[in-house]
Structure formats: C-alpha cells, structure tokens
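Please keep the sequence and the model in view while reading.

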Amino acid sequence: MIINTPDYSTSDHVSLDENNGEFNTSPAVYEPAEDTFLMLDVLELDLEQVIKTRLSKTNIRPSDKCGPLLIIELGSGFGILTAAISKALSDSLSSYIVGANCIAVDMNPTACLKTIMTCKLNGVEVDAVRGDLLTWMRRPETTDVNNDPNKQVFGPIDILLFNPPYVRGPKGELAPTPRVTKNDTNDQAKYQKQVAVEDAAWLGGGPDGVDVLKRALHQAADLLSEFGVFYALMIDYNYNALVRDEMQARRDRSDQNIYYDDLNNIELTTFGSSPASRPLICTRILSRNIIGERLAVYRIYRPLDFD
C-alpha cells in the first residue's frame, strides 16, 4: 500500500468552505515533524497486511467486500495521519474495502479545525471530535444477548492511531491534567490562559512520558474490535517503563513468567477492564534515530498472528 504525505497548510487562517469564510486558528497546534512521518512510514509498511489478515480471519475473500473500517486518530493535530490513511484506503484497497469512517480527536479546538482543513485539501471526509482521548465513546456491553459467559465482547475500533505526548515532564513532573474548556470570556489574556493547558497537553507525558499513553491503552483494551490494531509511537524510555510496570505486575501476581523474551515484543496484561484474561501484544514495527532520540512505532493488538 502506498501512503503519501497529504497536503496541509500551516497558515493561521483556516477556510472550511466557500460560505464560512476564514477562521483564525490560534492557539498553537503541534506541527508535523519526524515522528509524524515515522508513523506514515509504518502505516505504509504494515497496514495492508493487517487488513488482509483481518479479512482472512473473518473468512472474507479478497474478491468480497467488507464493511467500512472505523479509524480513530487521537491527538490529531493537523490530521496528517487521518487524511493519509483515509486517502490510501479509498485509493488502493477499494476493491475489497467499502471504505473507512474516520474520526479525529483532539482537545484543542484549533487542531480540530486544522484536521478538517487537511482532510478537505485531500478530498477525504472526517468527523472531528473535541474530546479527551476515548472518554466520549460508549463502552461495549459486557453481557451478550444469549447470556453466553464464554463469548467475548469487543469494541468497534478497527484502527487506532496515536502519536502521544512521549517526552518526560520537566524534572519528572506529571503531565498537565487534560481539560476540555469552553471559552466563556471576551478577555483575550484570560482566554489565552484558559487554553494553555490544552496547548500544553502534548508537551509532557509524566515522569516516564507514558501517562497519557497508559490512559489510551486502558481505553483501547476495551474498545478495539476483535482484529483491531493500535499504532502508537514511543521513545525508548516509554517502552522501558511499560516493560518495567508489566514485570512488576507479574511479580505481584506471582506469575511464573516474570521476564520477557523479545526486546521488540511483549504481552501487556494490565490494561482494560479484564486485563489478565484479555492481554494485548505490543510489537515494534519500525524505529528511527532522530536528533538524539530513538523513536519507534508499535502495533498493539489482541493475540493474533499477522504474519
């Protein structure tokens, strides 16, 4: 699958359509950078095989059509990933994918406008949600209609994308508490202070840089579909923190296996409403050294063979 970098604009003036005029888009939005493009490279490398595996596991032949995929990008910013994946799916997989329903989520209202603008520039549609990760999404019912205790209930998300705040907070401080606020003042100085927390949300992820990612993992564990995948970007100490916490959890449970065998692959058993019985596999797909940092994108999914 070819995934091209979509067109986007860094202008502070967003024109949504010919009737709406222009919107001044301040406060700031995290602009596309090396981590964004690493995510795009991973999608080009991995996504087509993931979708084909999903089709084979559900006994859908390549000549058949499957329903639209639900794709959600968290912290969408400029909406680069949403626009790229939506365009690629409609262009290259239209022979057996009906389409994709794309939702972009960001706390910053300016980012929501930027995402809509980027998708418009690339001829794709998106629903932009101003919200805090997946807290706005209804959880799947845990009791099935046939009262079958052995039947697992899965969520609706097929592809989840997140380039989270991965940098350690200043001196190990916790990340700013996320809030979705309403602008209820005409005082410009007060307004800028009001949105400061929203702007700062991507600047730090807590002492190990994983506070926000952990919240997303807890939510994703319940909301991913049976064959859903979660692509998340991490810096090296993010992954190390996840491994450390996983090993400690296993020790606390007196598990036999308190070690992990593969530096690029680990089973996570601490996320979601039933973590031990519904683990997630975290597999490194691609890594890259960028200006003194080693970034990597991981595919997180329920135990399933994607090879």
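In this predicted model, the count of disulfides comes to zero. For C102 the reason is one of distance, because its sulfur lies 7.1 Å from the closest cysteine sulfur, that of C119, which is too far for a bond when a disulfide requires the two sulfur atoms to be within 2.5 Å. C102 counts as buried, at 3% relative accessibility, and C112, with a relative accessible area of 9%, is buried as well.

The chain as a whole comes to seven helices and ten strands. Of its 307 residues, 50% count as buried, and among the contacts between residues at least 6 apart in sequence, 73% join residues at least 24 apart.

| Residue | Relative accessibility | Class |
|---|---|---|
| T115 | 0% | buried |
| C102 | 3% | buried |
| Y301 | 7% | buried |
| C112 | 9% | buried |

Helix α3 covers residues 109-121 and contains T115. The 13 residues of α3 should span 18 Å at 1.5 Å a residue, and the separation of 19 Å between its end C-alpha atoms agrees with this expectation. At the start of α3, a side-chain oxygen of N108 reaches to within 2.8 Å of the backbone nitrogen of T110, while just after the helix G123 takes a positive phi of about 70 degrees. The buried residues of α3 are T110, A111, C112, K114, T115, M117, T118 and C119.

What does T115 touch, leaving aside residues up to four places away in sequence? Its contacts are S76, G77, F78, G79, A104 and V126, and with S76 there is also a polar contact of 2.9 Å between the two side chains.

Strand β3, residues 69-74, is largely enclosed by the rest of the structure, because six of its six residues are buried. L69, I71 and E73 point one way from β3, whereas L70, I72 and L74 point the other way, and all of them are buried. β3 pairs in the parallel sense with strand β4 (residues 100-106) over six bridges, and within that pairing the bridge partner of L70 is N101. β3 also pairs in the parallel sense with strand β6 (residues 157-162), here over four bridges, with I159 as the bridge partner of I71.

Y301 is placed in strand β10, residues 293-301, and counts as buried at 7% relative accessibility. The side chain of Y301 makes a polar contact of 3.2 Å with the side chain of T283.

Helix α1 remains to be described. Its 24 residues, 34-57, should span 34 Å at 1.5 Å a residue, and the end C-alpha atoms are 34 Å apart, which agrees.

Note on methods: Residues are numbered from 1 along each chain as its sequence is written. This is a predicted model: local features need pLDDT of at least 70, side-chain atom pairs count only at pLDDT 80 or more; totals for chains, interfaces and linings use all residues. Side-chain values use heavy atoms; hydrogens and water are left out. Helices (H or I, at least four residues) and strands (E, at least two) are DSSP runs, numbered from the N terminus. The expected span of a helix is 1.5 Å times one less than its number of residues. Buried means under 20% relative accessible area, exposed over 50%, partly exposed in between (1.4 Å probe, protein chains only). Two strands pair if DSSP finds at least two bridges between them. A polar contact is a pair of N or O atoms within 3.5 Å; within protein, one must be able to donate a hydrogen and the other to accept it, and residues adjacent in sequence count only if both atoms are side-chain atoms. Contact means heavy atoms within 4.5 Å.
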